[in-house]
Amino acid sequence: TSYRYVEGASGKGSSKKGLDASSALGASKESELDEGDASVQAGELRVSEYLLELASDDEGKPATAEEIREVLGAALTSDNLVGRNRAIADMLARLTVENASVALQIFENTPRAYHTDNNFRLFMHAWGKVDGKAALQYIYKNPDAHGVGGAHLWAMSGWTQSDPQAAQDFVTSMERPDHGLYHGLVRGLGRVDLNAANEFVAGMKTEDRELRRRLVSVIGESYVEQLGVKGALEWTTQTASQSEDHEFASAALDDVLKRAVSQSPSLAAEWISANPEHPHLKPWMFEHTAGRLADKDPQMAANWLSQNLDHERLDGRAVGRVASEWAERDPAEAARWVETLRDTKLFNKELTSRLAGTWASRDSEAAFKWAESLKTDLRRSALGSIVGRMPRAELEKTGEWIRNAPAESVMDGARAAYASRIAREKPNEALEQALLMTDALGRERVTVPIVQRMFKENPEAFKEWLPKSGLS
């Protein structure tokens, strides 16, 4: 049967004694959920948990084997996703130790697809709630187990919600930590007792920084879900003031602020402005917040940055991003705002290059004129951005100006960008201009790819050309 590998699945459930993680799982199995899938599947788990909580007409009444075969089997192949999910949620909400094997067999005999895999994770979550050890045994001891990635995470989350201490003992007894099981444990614990989940992660003694970072993210997600963005940010403030683990407090703010910026950039901006002395504020927080604000209203983002000009962690990347976003819509207005920053620390290469490049994509002549007002060091990088972003149809005319310009430092950026853009069509001219660059390191970075491409495309011609080039 489908339960043939599950020891103790005769109805005694998770009350078995003497089974620890090592004996249940045998050799430790690596998590099947890679980090790239974690955020997507975490969202699916939230939907799964919600569906399981939907009230059923037969709530509390175990589903019979006949019902499971009839309803679950039909639902898994239905094209009506709403009706399908409700039917599946109803069956799994009525799952028991005794009937879990029937549902498992239905899943094993149903062709795999994106939605059925998600439904299987939901099943593992429900199975974990009624018989966590059996669910995990199935995954780890059965070589023919239904191979849906992350199933163990969902089973562990379900088990933790029904028996937190047993689940925690199981996970922490493993010789080699499994990131997916820890993820499920903390996720499930957060549903039962958010403070306990927070204390568990904060108190973890591990040198596995990747695991710690992942679990902090799980906690951050739970705080945002249950308390909202504002409540979660208050949690990070409290953590920073009370925790002696600065790495944990910093990671907590990183995670929650990313979520805040995504969900409500204006609230994130308000919080940053209200907490300028927070010890774990970072430059990227200003950049990401301002960037999201600028997506909707560049002027509002600019005004917010202007109010925080004296903050030591505000840098050119943040203002450069806003200037670039604004220049996509109205470069002249963006330039006027940037001019108000000319005498500040923020008026640097990052800012001027981003503005100049974006402006050039719309009006290169105006961008060139503005760049002439910059000091040499800033003008060099701005010219590079302009040539790099201007419409390709304008390159020929610009190329004439570059070819006639003296070999001076201020032209290095323009020559580098020009050479890179024409390298495929005019490799000889590209190389000629790159070799006029005054900065040795920059010159090498531009010329090497050009030479490599020339050799790759025509080795014989390259060998004939090289002795005459002056490069050999």
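This is a predicted model: local features need pLDDT of at least 70, side-chain atom pairs count only at pLDDT 80 or more; totals for chains, interfaces and linings use all residues.
**View 1. Helix α9 meets helix α10.** Here you're looking at residues 179–192 (α9) and residues 194–202 (α10). Their axes come within 6 Å and cross at roughly 145°. On the α9 side, the contact is made by Tyr182, Leu185, Val186, Leu189, Gly190 and Val192.

**View 2. Glycine 73 sits in helix α3.** That helix covers residues 65–76. Is glycine 73 buried or partly exposed? It counts as partly exposed, because its relative accessibility is 24% and buried means under 20%. Leave aside the neighbours within four places in sequence, and glycine 73 touches Ile68 and Ile106. Now find alanine 103: it is 30 residues from glycine 73 in sequence, yet the two C-alpha atoms are 8.6 Å apart in space.

**View 3. Phenylalanine 107 and phenylalanine 120 pair up edge-to-face.** A search of the whole structure turns up 13 aromatic pairs, and here is one of them. The ring centres are 5.6 Å apart, with 70° between the planes. Phenylalanine 107 belongs to helix α5 (residues 100–108) and phenylalanine 120 to helix α6 (residues 114–141), so the pair ties together parts that are 13 residues apart in sequence. Phenylalanine 107 counts as buried at 2% relative accessibility, and so does phenylalanine 120 at 1%. Zoom out a bit and you can trace a cluster, where ring pairs link Phe107, Phe120, Phe123, Trp127 and Tyr138.

**View 4. Tyrosine 223 and tryptophan 235 are stacked.** In this aromatic pair, the rings are 4.1 Å apart, centre to centre, and the angle between the planes is 10°. Tyrosine 223 counts as buried, at 4% relative accessibility. Tryptophan 235 is also buried, at 4%.

**View 5. Lysine 258 lies over a ring face.** The ring belongs to tryptophan 284, and the lysine is 5.6 Å from its centre.

Key: Residues are numbered from 1 along each chain as its sequence is written. Side-chain values use heavy atoms; hydrogens and water are left out. Axes are lines fitted to C-alpha atoms, for helices over the stretch in contact, and angles run from 0 to 180 degrees between N-to-C directions. Helices (H or I, at least four residues) and strands (E, at least two) are DSSP runs, numbered from the N terminus. Contact means heavy atoms within 4.5 Å. Buried means under 20% relative accessible area, exposed over 50%, partly exposed in between (1.4 Å probe, protein chains only). Rings of Phe, Tyr and Trp (its six-membered ring) pair if their centres lie within 6.5 Å; planes under 30 degrees apart count as stacked, over 60 as edge-to-face and the rest as tilted. A charge sits over a ring if NZ of Lys or CZ of Arg is within 6 Å of the ring centre and within 35 degrees of the ring normal.
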